[in-house]
Amino acid sequence: MVEGVKRILIVEDNELNRDVLSRRLSRRGFDVLLAFDGPQGIEMAQQQAPNLILLDLGLPQIDGWECARRLKSEMATERIPIIALSAHAMLGDRQRALQAGCNEFDTKPIDFAGLLRKMEQLLEAAS
């Protein structure tokens with residue numbers, strides 16, 4: 001990874017969402033890593049040490065809430081900021097995501113400019 005380039009892990013099971021988000025972030029100069037489900041996301045976070053994680057809550061096998069809890073309970077990954085993403089935001093989902101350890105919450109479809117602002121704030125606070 002080039003010095004100063006931020007590594008972003010996208011944990012998203014929907015191929016179209018994953019592709020669109022990864023391409024837009026890559027064009028903004030981020031080094032993008034992709035995981036397709038919860039177990040792979042946890043493993044990649046542990047091995048690749050991203051600067052930030054974009055975590056879909058509706059994942060197969062292990063949902064995003066459980067992924068966040070596991071990542072925040074591990075010394076190697078506990079300090080990585082996590083932004084939860086949800087297409088079916090129900091009342092209380094934001095609070096539940098924050099309680100699981102996520103630092104921020106955003107709904108789909110994603111407002112890319114708003115997401116970038118949240119990412120920049122979390123990346124700056126973590127550095």
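Colleague: Thanks! Let's start with H1 and H5: at what angle do they pack?
Modeller: This is a predicted model, and in it helix H1 (residues 15–27) packs against helix H5 (residues 112–126) at an angle of about 60°, with their axes 12 Å apart. That makes the two helices oblique to each other.

Colleague: And is the crossing of H1 and H5 left-handed or right-handed?
Modeller: H1 passes H5 in a right-handed crossing.

Colleague: Which residues meet there, H1 to H5?
Modeller: From H1 you have Leu 21, Arg 24 and Leu 25, and they meet Phe 112, Leu 115, Leu 116 and Met 119 of H5. By class, this contact has six nonpolar residues, no polar ones and one charged.

Colleague: Switching topic: what volume does the largest pocket have?
Modeller: About 170 Å³.

Colleague: Which helix gives the most to its lining?
Modeller: H1 does, with five residues. The lining includes Leu 21 and Arg 24, as well as Phe 112, and those three also take part in the contact of H1 with H5. Among the other lining residues are Glu 12, Leu 85, Lys 108, Pro 109 and Ile 110.

Colleague: How does that lining divide by class?
Modeller: Into seven nonpolar, one polar and three charged residues.

Colleague: You mentioned Lys 108 and Pro 109. Is the peptide bond between them cis or trans?
Modeller: The bond from Lys 108 to Pro 109 is cis, with omega near 0°. Pro 109 is found in the loop between strand S5 (104–107) and H5.

Colleague: Nice. Now H2 and H3: how do their axes cross?
Modeller: The axes of helix H2 (residues 38–48) and helix H3 (residues 64–73) come within 10 Å and cross at roughly 20°. The two are therefore roughly parallel to each other.

Colleague: Who makes that contact between H2 and H3?
Modeller: On H2 the residues are Gly 38, Ile 42 and Ala 45, while H3 brings Cys 67, Arg 70 and Leu 71. They divide into four nonpolar, one polar and one charged. H2 passes H3 in a right-handed crossing.

Colleague: Last one, on the backbone: where is Ala 49, and what about its phi?
Modeller: Ala 49 sits in the loop between H2 and strand S3 (52–56). Its phi is positive, about 45°, although Ala 49 is not a glycine.

Colleague: And Gln 61, what is its phi?
Modeller: Near 70°, again a positive value in a residue other than glycine. Gln 61 lies in the loop between S3 and H3.

How values were computed:
Residues numbered from 1 in each chain as written. Predicted model: local features only at pLDDT ≥ 70, side-chain atom pairs only at ≥ 80, totals over all residues. Heavy atoms only, no water. Axes fitted to C-alpha atoms, helices over the stretch in contact; angles between N-to-C directions. Helix = DSSP H or I, 4+ residues; strand = E, 2+ residues; numbered from the N terminus. Parallel < 35°, antiparallel > 145°, perpendicular 65-115°, else oblique. Left-handed = near helix turned anticlockwise from the far one by under 90°. Contact = heavy atoms within 4.5 Å. Nonpolar A, V, L, I, M, F, W, Y, C, P; charged D, E, K, R; others polar. 1 Å grid on protein atoms, 1.4 Å probe; cavity = no way out; pocket = protein on both sides within 12 Å on 5 of 7 lines; lining within 4 Å. Points joined across faces, edges and corners; volume = space filled by probe spheres on them.
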